[in-house]
Amino acid sequence: MKGITLGSKEKPLEIIFQEQGSLSLLSRKGPLEFLKQEVAEGMGFFIYPAEDDETFEFFYLLEGEIQYEEDHDVRVLREHDYFSVYKFEGTVIFKVLKRATFLWCTNNPIFYQISKDIQELLGIAKEIENKDKYTFNHSRRVQDMSMKIARKLDLRKGQLHNIFLASGLHDIGKVNIPSEILTKPGKLTKEEFDIIKKHPQDGADMVEPTYYEDIYDIILQHHERLDGSGYPIGLKGNAIEIEAQIIGVADTFDAMTNDRAYRKAFTAQYAYEEIMSLTDIHFDSIVTKAFEQVLLEEELVIPVKPPKKDEETT
Ligand SMILES: [Fe+2]
Ligand SMILES: [Fe+2]
């Protein structure tokens, strides 16, 4: 039935086996993750402060026994005991007295860091960039800029996380493009450009089978433009997700400010002016305004004169 997802203990979304036990991802939505962790007897684990103030975590002991120790306070938690962590300072050590299994709920996604599926895709992104000196570290820079723009906007935590991952993976579909085309010094033929145009769809298809299928549209749409001149579909206006728009601006800026096989890099000022002039044509003004704010704060550019408005008459 629509809206309900059943799971079984044999088939978590993904399971990772580690030296001290295993970690399974049971479910996720937006920034929320529901994990099941098994830790072998005699092992320990730590709880330490989260990077972000909003992080809330809840642990429910399904079986086993763990010992909690903080200063001189020592307690034992058993089956059905639980604890939560919010704005936590310091570090707490838990010792596993009897093989423990617990349910772990967090609003600060962590599983992608160990997920084989996601790490494999990030590896593909790296490999593509390493083949071409002109795109070396491209995804990383696009990711940094996308996150800076995104943080200026009023987005939900889940959207920010999706932008983070999608920007790192936005060009993985390029794995199917022959390197002669990717690194061609001259102008591309129509046939060659048609091959390039397939990479957003191919990239989206690569994330679809993973548990991050909700970044499918972001990757698919990162070359779509407001006026319908983008590819692969030619979507228009707000049919393009804001997350894809943000990556589109960051991607364009990075492509323009780095050397290419067929041209030298443009200055940040030139790229900025070019992108701002495409406001409401290629890119949403909400996104270009945030992008401009980032560049001005970092003193990378001097502001362009605001376009003449129809002056308010008093
Ligand atoms: Fe791309
Ligand atoms: Fe790109």
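## The second largest pocket

The lining of the second largest pocket comprises 15 nonpolar, 13 polar and twelve charged residues, where Ala, Val, Leu, Ile, Met, Phe, Trp, Tyr, Cys and Pro count as nonpolar, Asp, Glu, Lys and Arg as charged, and the others, Gly among them, as polar. The model is predicted, with local features needing pLDDT of at least 70 and side-chain atom pairs pLDDT 80 or more, while totals for chains, interfaces and linings use all residues. Residues are numbered from 1 along each chain as its sequence is written, chains are lettered from A and ligands numbered from 1 in the order in which they are written, and side-chain values use heavy atoms, without hydrogens and water.

Helix α8 gives the largest share of this lining, four residues (helices are DSSP runs of H or I with at least four residues, strands runs of E with at least two, numbered from the N terminus).

## The contact of α3 with α8

The axes of α3 (residues 157-169) and α8 (residues 242-256) come within 10 Å and cross at roughly 45°, the axes being lines fitted to C-alpha atoms over the stretch in contact, with angles running from 0 to 180 degrees between N-to-C directions. The two helices are therefore oblique to each other (angles under 35 degrees count as roughly parallel, over 145 as roughly antiparallel, 65 to 115 as roughly perpendicular and the rest as oblique).

In this contact (heavy atoms within 4.5 Å), Q159, I163, A166 and S167 of α3 meet I242, E243, I246 and I247 of α8; five of the residues are nonpolar, two polar and one charged.
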